[in-house]
Amino acid sequence: MNKPLQNQVAIVTGGSSGIGYAIARDLGMKGAAVLIDYRSEPEPAEALAREIIAAGGKAVAFRADVSVPEDITALVEKAVAEFGRLDIMVANAGLQNDAPALEMTVEQWDHAMNVDLRGQFLCAQAAARQFVKQGVNADISRASGKIVSMLSVHDVIPWMGHVNYAAAKGGAKMMMLTLAQEFAAHKIRVVGVSPGAIRTDINKNVWDNPQSYKDLLKLIPYQRIGEPEDVAKLVSWLVSDEADYITGTTIYVDGGMTLYPGFMGNG
Ligand code: BGC
């Protein structure tokens with residue numbers, strides 16, 4: 001396989017399942033040394049590290065909770081200690097803690113905010129500090145570093161029953177834009193990736209049941225659910241030098257979910 005990310009070092013948060021797992025795998029197969037972050041499931045992260053190593057790559061699993069500042073400092077230190085530098089931060093870890101707004105507790109609100117918004121900021125900040133320290137090494141990449149913020153179609157589509165999640169993703173999108181503006185002079189690129197419905201555990205209740213899957217397809221003009229690899233391939237390209245002139249942009253990988261499908265033949 002072509003190894004466009006050879007000599008680069010990446011951290012993927014939430015790498016033990018779903019979209020993060022697929023991203024860590026794809027980056028590893030494309031030559032990056034990958035630090036696979038997990039919070040509660042070491043086994044899949046460690047198995048993935050073994051798979052990448054068996055394929056001739058470099059990877060290690062590491063436990064860090066993205067909402068804890070000390071964990072994020074340790075995460076970046078681990079990447080540097082293990083692989084000598086850091087080039088790519090994929091701030092992917094995220095969760096839903098759903099409730100109707102009238103019933104949502106402050107704990108539920110804070111839980112989503114702490115992981116989906118504050119956690120992304122802590123990861124971006126810690127990575128950027130390392131990128132600034134390193135500067136540009138043209139033999140490795142034209143940028144001093146790349147940050148990917150994992151967003152959602154719900155950074156633009158309101159979502160009843162999920163106000164904490166939608167607010168966090170909308171906030172993370174503005175965080176990404178502001179950091180892209182602030183870090184550009186340091187040659188750091190910051191990009192957003194907004195997945196639609198992707199087949200992972202987070203929405204298993206929707207794709208696992210034939211009727212709800214049929215209902216879901218009404219929201220997807222392209223008429224299929226996304227796979228984690230659809231997102232992973234985009235991320236690998238965005239962090240490569242082929243995308244060197246892209247910063248402060250969000251790419252929607254959603255089969256058209258953001259195209260107002262309710263207006264098809266209607267309105
Ligand atoms: C959510 C999924 C949902 C998708 C499309 C994602 O951000 O995490 O649960 O299926 O958006 O609505």
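# Close-up views of a predicted model

**View 1. Helices α3 and α4 cross in a right-handed manner.** A crossing is right-handed if the near helix is turned clockwise from the far one by less than a right angle, and left-handed if anticlockwise. The model is predicted, so local features need pLDDT of at least 70 and side-chain atom pairs count only at pLDDT 80 or more, while totals for chains, interfaces and linings use all residues. Residues are numbered from 1 along each chain as its sequence is written, and side-chain values use heavy atoms, without hydrogens or water. Helices (H or I, at least four residues) and strands (E, at least two) are DSSP runs, numbered from the N terminus. The axes of α3 and α4 lie 10 Å apart, at an angle of about 40°. Axes are lines fitted to C-alpha atoms, for helices over the stretch in contact, and angles run from 0 to 180 degrees between N-to-C directions. On the α3 side, look for Pro69, Ile72, Val76 and Val80. They meet Arg118, Leu122, Cys123, Ala126, Ala127 and Gln130 of α4. Contact means heavy atoms within 4.5 Å. The contact of α3 with α4 has 8 nonpolar, 1 polar and 1 charged residues. Here Ala, Val, Leu, Ile, Met, Phe, Trp, Tyr, Cys and Pro count as nonpolar, Asp, Glu, Lys and Arg as charged, and the others, Gly among them, as polar.

**View 2. Helix α1 packs with helix α2 at an angle of about 20°.** Helix α1 spans residues 18-29, and helix α2 spans residues 42-54. Their axes are 10 Å apart. The two helices are therefore roughly parallel to each other. Angles under 35 degrees count as roughly parallel, over 145 as roughly antiparallel, 65 to 115 as roughly perpendicular and the rest as oblique. The crossing of α1 past α2 is right-handed. Helix α1 brings Tyr21, Ala24, Arg25, Gly28 and Met29 to the contact. Helix α2 brings Pro44, Leu48, Glu51 and Ile52. By class, the contact of α1 with α2 holds 6 nonpolar, 1 polar and 2 charged residues.

**View 3. Helix α1 also packs with helix α8, at an angle of about 45°.** The axes of α1 and α8 are 8 Å apart. These two helices are therefore oblique to each other. Their crossing is right-handed. From α1, the contact uses Gly18, Ile19, Ala22, Ile23, Asp26 and Leu27. From α8 come Pro228, Glu229, Val231, Ala232, Lys233, Val235 and Ser236. The residues of this contact divide into 8 nonpolar, 2 polar and 3 charged.

**View 4. Val235 sits in helix α8, residues 228-238.** Val235 is buried, with a relative accessible area of 0%. Buried means under 20% relative accessible area, exposed over 50%, and partly exposed in between (1.4 Å probe, protein chains only). Leaving aside neighbours within four places in sequence, Val235 is in contact with Ile23, Val90, Val148, Met150 and Val193. Val90 is 145 residues from Val235 in sequence. Their C-alpha atoms are 8.4 Å apart in space.

**View 5. The largest nonpolar core has 35 residues.** A nonpolar core is a set of buried Ala, Val, Leu, Ile, Met, Phe, Trp, Tyr and Cys residues joined through side-chain atoms within 4.5 Å. Ile11, Leu86, Ile147 and Val190 have the most contacts inside the largest core. At least two core residues come from each of β1 (9-12), β2 (33-38), β3 (59-63), α3 (69-83), β4 (88-91), α4 (106-134), α5 (163-183) and β6 (188-195). Helix α4 supplies the largest share, 9 residues. Ile147 touches Met89, Ala124, Ala128, Phe131, Phe183, Ile188, Arg189, Val190 and Val191, not counting residues up to four places away in sequence. A second, separate core has 34 residues, including Leu5, Leu48, Ile88 and Val231.

View 6. Most residues other than glycine have a negative phi. Gln223 is not a glycine, yet its phi is positive, about 65°. Gln223 lies in the loop between α7 (210-217) and α8. It is partly exposed, with a relative accessible area of 47%. Tyr260 also has a positive phi, near 50°. Tyr260 belongs to the segment after β7 (250-253). Tyr260 counts as exposed, at 61% relative accessibility.

**View 7. Glu242 lies in the loop between α8 and β7.** Glu242 counts as exposed, at 67% relative accessibility. Glu242 and Phe263 are 21 residues apart along the chain. Their C-alpha atoms are separated by 36 Å.
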